[in-house]
Amino acid sequence: MKMFKRFAAALLAGVMVLAMLTACGGSGSGSPIAPGSDVEKAEAFYMDVYNAMLEAEYQNDTTLKAEAKKLLEDSLDDNGALKSGKKMTVNQESDNPFVQTAITILPADANSSTPLGFTSEQLTQAMAQKDAAIAELKGQVGSSMAMIKNCTTKMAVGAVKKGDKTYVAVAMTMDLSKVMQ
C-alpha cells in the first residue's frame, strides 16, 4: 500500500503538470485530434499524451472510463465546483493487494482542490501544443514515469461538460508486483 501511494503521488504530479499546461495559450505543432465534441476531444487528447508519456498504446478502457465519468458526475456540481465532502482522487482496491486503481480529477493547480475546467478555445490551444506539453512533462516527471510505465496495466480518461467547460478525470490500474520483482 505504501508503494502504491508513492506511485499514485508520482502519477498525480504528472497529471497536475499536464493540467497546468492545458490552460496555456499560444501556438504549437501538435498533431490534430479527430473532430467531435469537446468531451471526445479532451478524452482523445489526454489518452494521446499519456500514451506518449508511457511509451504505450493503451486504449481508453471502457470500464475505467465509465468510472472516471461517474466520479466527475458525482463529485462536481453544475458549475464544475467540487461538491462538499467529495475528493479529487479516489483509490479503488482489488482482491489482489498489489493491484489498485486511482482515479484523479485534474486539478487547477498543484495544491488545489479546485477541478480544472477548460473552454473549447483552451482545449484547442492545448491540442495545438501537445508535442511541447509532452516534452515539458517528460522533463519534469523524469524517472517516475518509468516506474509508472512498468506497473500500469490499464488506463482511461473520462470527461464531462459542465456549463461551458470540460472537466477530465484520469484512471489508471497499477500492478505493483511488476516493479517489486
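How many residues does helix α5 have, and how far does it reach from its first C-alpha to its last? The legends below begin with that helix.

This is a predicted model, in which local features need pLDDT of at least 70, side-chain atom pairs count only at pLDDT 80 or more, and totals for chains, interfaces and linings use all residues. Residues are numbered from 1 along each chain as its sequence is written, and side-chain values use heavy atoms, with hydrogens and water left out.

View 1. Helix α5 (residues 130–141) has 12 residues and reaches 16 Å from its first C-alpha to its last, close to the 16 Å expected at 1.5 Å a residue (1.5 Å times one less than the number of residues). Helices (H or I, at least four residues) and strands (E, at least two) are DSSP runs, numbered from the N terminus. K130, A133, I134, L137 and V141 are the buried residues of α5 (buried means under 20% relative accessible area, exposed over 50%, partly exposed in between, with a 1.4 Å probe and protein chains only). Down the axis of α5, these buried residues fall within an arc of 100°, so they line one face of the helix; the arc is that of the directions from the helix axis to the C-beta atoms. Exposed A135 and G139 sit on the face of α5 turned away from its buried side.

**View 2. Strand β5 and its partners.** Of the 11 residues of strand β5 (residues 165–175), 10 are buried. Strand β2 (residues 99–105) runs antiparallel to β5 and is joined to it by seven bridges (two strands pair if DSSP finds at least two bridges between them). Here V99 has D175 as its bridge partner. Strand β3 (residues 117–118) also pairs with β5 in the antiparallel sense, over two bridges, and F118 stands opposite T166.

**View 3. The β4–β5 hairpin.** Antiparallel strands β4 (residues 152–162) and β5 are joined by 10 bridges, with V157 opposite V170 in β5. Two residues lie between β4 and β5 in this hairpin, and G163 in the turn has a positive phi of about 65°.

**View 4. An aromatic cluster.** Ring pairs link F45, Y46 and F118 into a cluster (ring centres of Phe, Tyr and Trp, the last by its six-membered ring, lie within 6.5 Å; planes under 30 degrees apart count as stacked, over 60 as edge-to-face and the rest as tilted). F45 and Y46 are edge-to-face, 5.1 Å centre to centre with 80° between the planes. The rings of Y46 and F118 have centres 6.5 Å apart and planes at 45°, so this pair is tilted. That pair links distant parts of the chain, 72 residues apart: Y46 in helix α2 (residues 38–54) and F118 in strand β3.
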